[in-house]
Amino acid sequence: MRQRGLRCMLIRGGTSKGAYFLAEDLPRDPVARDALLLALMGSPDPRQVDGLGGAHPLTSKVAIVSRSTAPGCDVDFLFAQVGIDKPLVDTTPNCGNILAGVAPFAIERGLVAVAGATTNVRVRTLNTGTIADLRVETPDGAVNYEGTARIDGAPGTAAPITVTFLDTEGSVCGALLPTGNTVDQIEGIACTLIDNGMPVIVMRAADLGRTGYESREQLDADADLKARIEAIRRAAGPRMNLGDVSGKVVPKIALVAPPRAGGTLATRSFIPHECHASIGVFAAVSVATAAALPGSPAHGVAAMPGGRARRVSVEHPTGEFTVDLTIGGDVSRPVVERAGLLRTARVLFDGIAYAPESRLMAAE
């Protein structure tokens, strides 16, 4: 029996890696589409040895891109988090790292024309309706991938991609603070339930008996901690308008502590069952926003700068992630008007990906 082949690019976006497809090359029916993605990525299998996936949540991601139907937007982007050892495809959350690769992909596939030395690509994320402007270097009529920009969590340097989010507040949960509270008590722990592009539960590491400076490996092996934060996550799900989250990748978890490397605050994030080697883009934006809210667990440990324009350095296990916030409102009730950051991306492969026809027939 023959295999089914379709065009695919593998792109490192930020600190993640994913398979990028044109929407027109995939089935329109979500069930058939997800069956194809699982087969292409090699799931379910803890090694994903029979597919494109890299056996880790950060490397089992998919971007589905098309010309946008929204006025003023260039392309539409649907993000899919593909399960590794379970046959799950979750299109609930955003992914700011995979988003960073959408602009180069759109230009390479001819969805967006080069506009000069730099090209701005306005992207609508279909998962949440979030709109972002991505500015990429395009000298000599093509995307530039070489440069001196460096982001912690990705090796080497590359050309910068500037990402500005225009309307991330409440994009998944319906409100920045879905409960209306800066602090909620869940399972005896003070939490900020927040969504500024990514639903995150923010807690002080010290309240869970941890320092917040543990290594990723140490936290991944901490079964007691993981069981406790999963109980908090499941209890928080309905409060965040997410319902039963036992089979979802949101909300994420962020443990925060005072900075110790010159940043604004230290973090250890879970995505949601593994400790992140760094921190996700939208998770960093949500945590930085939480740090700007007086009375929140994050605000209590942060060395938060003042003023309208604030550069928030979010420390993580492999370095730091800088989020530029524009703050409005007043001292008692600040409002985050814009969030911007720097990412890089690189095309790794362009060709035909194959899925066994037998698996697709079985799914049908």
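**Pockets**

I began with the second largest pocket and sorted its lining by class: 7 residues are nonpolar, 1 is polar and 4 are charged. The model is a predicted one, and I kept that in mind for every entry below.

I then listed the lining residues of the second largest pocket by name. They are Leu22, Ala23, Glu24, Leu26, Pro27, Arg28, Arg33, Ile64, Val65, Ser66, Arg67 and Leu111. Strand β3, residues 61–67, contributes the most to this lining, with 4 residues. I noted a volume of about 220 Å³ for the second largest pocket.

Next I looked up the largest pocket, for which I have a volume of about 550 Å³. Its lining counts 21 residues, and those nearest the pocket centre are Gly83, Ile84, Asp85, Lys86 and His273. I checked which elements give two or more residues to this lining, and found β4 (75–82) and α5 (223–239). By class I wrote down 9 nonpolar, 5 polar and 7 charged residues for the largest pocket.

**Cores**

I turned to the nonpolar cores. The largest has 88 residues, and Phe165, Met203 and Leu265 have the most contacts inside it. Helix α6, residues 281–291, supplies the largest share of this core, with 9 residues. I recorded another core apart from it, of 21 residues, including Phe21, Ala80, Ala353 and Ala355.

**Helix α6**

How many residues of α6 are buried? I got 11 of the 11, so the helix is largely enclosed by the rest of the structure.

I checked burial in strand β12, residues 252–257, and found 6 of its 6 residues buried. In a regular strand the side chains alternate between the two faces of the sheet.

I looked up the pairing of β12 on either hand. Strand β11, residues 199–204, pairs with β12 in the parallel sense over 5 bridges. In that pair I noted Ile253 of β12 as the bridge partner of Ile201. Strand β13, residues 265–270, runs antiparallel to β12 and is joined to it by 5 bridges. Here the bridge partner of Leu255 is Arg268 in β13.

**Strand β16**

My last entry concerns strand β16, residues 334–343. Which strand forms a hairpin with β16? I found β15, with 4 residues between the two strands. β15, residues 319–329, runs antiparallel to β16, and 6 bridges join them. I noted Val336 in β16 as the bridge partner of Ile327.

β16 also pairs with strand β8, residues 161–165, in the antiparallel sense over 5 bridges. In β16, Arg343 stands opposite Ile161.

Methods
Residues numbered from 1 in each chain as written. Predicted model: local features only at pLDDT ≥ 70, side-chain atom pairs only at ≥ 80, totals over all residues. Heavy atoms only, no water. Core = buried A, V, L, I, M, F, W, Y, C linked by side-chain atoms within 4.5 Å. Buried < 20%, exposed > 50% of the residue type's maximum accessible area, 1.4 Å probe, protein only. 1 Å grid on protein atoms, 1.4 Å probe; cavity = no way out; pocket = protein on both sides within 12 Å on 5 of 7 lines; lining within 4 Å. Points joined across faces, edges and corners; volume = space filled by probe spheres on them. Nonpolar A, V, L, I, M, F, W, Y, C, P; charged D, E, K, R; others polar. Pairing = 2+ DSSP bridges.
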